[in-house]
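This report goes through selected parts of the model, chain by chain. Please keep the sequence and the structure at hand.

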Amino acid sequence: MAGHVDTASSTAAERPPALSLGPIGWMRANLFNTWYNAILTVLIGWAILMIVPPLFRWAIVNAAGFDATSPQCRQATGACWAFVNEKMRFILFGTFPYAEQWRPLLATAIIVATLAAAANRRFWKPWFVAVSLGALALFGVLMWGGVLGMTYVENSLWGGLPLTLILSVIGLSVAFPFSILLALGRRSTMPAIKAICVAYIELIRGVPLVSLLFMASVMLPLFLPTGVNIDKLLRALVAFILFEAAYMAEAIRGGLQAMPKGQYEAADALGLNYWQAMRKIILPQALAISIPPLVNTFISTFKDTSLVIIIGLYDLLGTAKAALSDPAWRGFYREAYLFIGVIYWCFCFSMSKYSRWLEQDLNRGHKR
Amino acid sequence: MKAGILAAAAAAFTFAVAGGAQAGATLDAIKAKGFVQCGVNAGLPGFASPDSAGNWTGLDVDYCRAVAVALFNDPQKVKFTPLSAQQRFPAIQSGEVDLLSRNTTWTLTRDTSVGLNFAPVTYYDGQGFMVAKKLGVKSAKELNGATVCVQSGTTTELNLADYFRSNNMSYNPVVIENNDEVNAAFFAGRCDVLTTDASQLASTRASVAPKPDDYVILPEIISKEPLAPAVRHGDDAWYDIVKWVVYATIQAEESGITSKNVDEHLNSKNPEIQRLLGVSAGMGKALGVDEKWAYNIVKKVGNYSEIFERNVGMSTPLKLERGLNGLWTKGGLQYAMPVR
């Protein structure tokens, strides 16, 4: 032990300079390592100082209480979270009958739980498809009702979070198989199939989603005889499926094209026919490569569902806007948008986090 | 399902017996399905908005309910379809909704080429200006060179341009798409003047302005915006019912009949009131509805004044005065045709 005493009492010259260690050292290495980083650090620090304290004062210090009335809220200089408290159930569930709102709550919980389970690779088995379909059926039973003593609620009364979820979940899960077929079709050597797929993809990708929704909701009824009405929700869903299928097809085509030719040749050499080769060799790898662009599409679809507001469906954004039109609670749009912004963020952020994990998990074999 | 069809058939049969008038396709379909499909604004304070429990309220909404009461004696026999501004005409043309009660301005082209029939005006509106009191402006004629906050893509924007041009004045428009943001920009002082429909100005001042007394609405009204419910061409019997539902609420106010005292008026000796409330029969039969139609409307929805005050009047956050919407006997424009 005696031999080591001198390390503790090393001379000042031997110790590392204080400026390269500890928090100061970390800041020098990460925040002020070049002159432009130093400027950026100062600018961002200044921006944080400008934004965060007023935001904190607005959102917390000066905010009116959760049970405040609307006139009390108008007196307060800060946020009015009482608005969110008052309108929470309307924003989440829309015009669904008030006394029965446990049903959309439960239905939403079922969908979220199924999605969470589907995220786990242990459940990637054929039987899970049946479980998912069962969950969807349960969702339908809870939302529509009409059985087991639940009153019938037509889907024009659905709104808020369950509507946003069902539009994105059904939209994406129906569009996904279509998009695989479209991507394969676009790479096909058969000219007719290739031409059809290319025409479809380019046509749909050439128009904005808003115009498809308008077609579905404004033009289509004029072509139908008077009195014949296709359900509004169904029309919106079909528009979503058509749109997302084209976009996902392009993401998957990217994955297909990234596969080395040797993989195709190896499949041929094994004597596999086209569908066997695709199913067992090409698609599993191509889809793994396509995860980032696919998740990109998923996230944008989830947010695009808010466009249904233009065809008069109350998704999450629609219910927030409608809640703001209550004469007693006008003008609290900051609180309303912040509230639904947080909900959107939770969903989108978990999707993006999950995709990064999945990407790494599936690419263990050949990490780049 | 079977019971539903039977009930619908029974209802249709009852009405076929009760209603003597020649009914058109729309009216038949409404009676068969047992409810009125009503297109409303997806959210306009005071006119159509869902409350915290998701129930529709508002002046436009109450007229949907009044029509349902006339047909089915039940204000709940109506289903609402929230419609955007672009969607509303295709929705009524295609039959997706039976009645469009969505703050729609009655114009010649809409009455003709769009294929609508307008019921009487339920709300007379017009475009106005609001300024900060400290500017000391007393008239819109003094607004030369002002900065004006206006919502984009509306007739408001066009009327504004017309008004300033015809008065040889210049202005700087601050054009914003979202109504909330237009208001926010005005109250933040980005512009001198806020322009939109006068009813909206009044309600914005009452419920959004930080200090309502700091703002004045100028007396000039520069456009006519008569808002009326509408049905599509092709079913006159249905059009008649909607039309007379509106007149019934106005006539009830003029005769002093409210939802509170309507039962007392059943004993009235006034023949006008007797005809309206169905004490002396004939009016309901002529319209093809129950003789008690107007009694039911006043009892369950209210007269025009009650509908107005409940949704947009002085006791609501919107604090709108009757103004042009007063009865003709009180200097307003609301005038019901004689019920006889």
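Which domains does the domain assignment of chain A give?

## Domains of chain A

The assignment, which is automatic or from a database, gives domain 1 (29–62) and domain 2 (83–362) in chain A. The C-alpha centres of domain 1 of chain A and domain 2 of chain A are 38 Å apart.

## Basis of the model

This is a predicted model, in which local features need pLDDT of at least 70, side-chain atom pairs count only at pLDDT 80 or more, and totals for chains, interfaces and linings use all residues. Residues are numbered from 1 along each chain as its sequence is written, while chains are lettered from A and ligands numbered from 1 in the order in which they are written.

## Helix 3 of chain A

Helices (H or I, at least four residues) and strands (E, at least two) are DSSP runs numbered from the N terminus. Helix 3 of chain A covers residues 35–61. Its 27 residues should span 39 Å at 1.5 Å a residue, the expected span being 1.5 Å times one less than the number of residues. The end C-alpha atoms are 38 Å apart, which agrees.

A residue is buried if 20 or more other C-beta atoms, placed from the backbone, lie within 10 Å of its own, exposed if 12 or fewer, and partly exposed in between. The count of buried residues in helix 3 of chain A is zero.

## Strand 1 of chain B

In strand 1 (residues 36–41) of chain B, six of six residues are buried. Strands pair if DSSP finds at least two bridges between them. Six bridges join strand 1 of chain B to strand 4 (residues 78–83) of chain B, in parallel, with V36(B) opposite V78(B).
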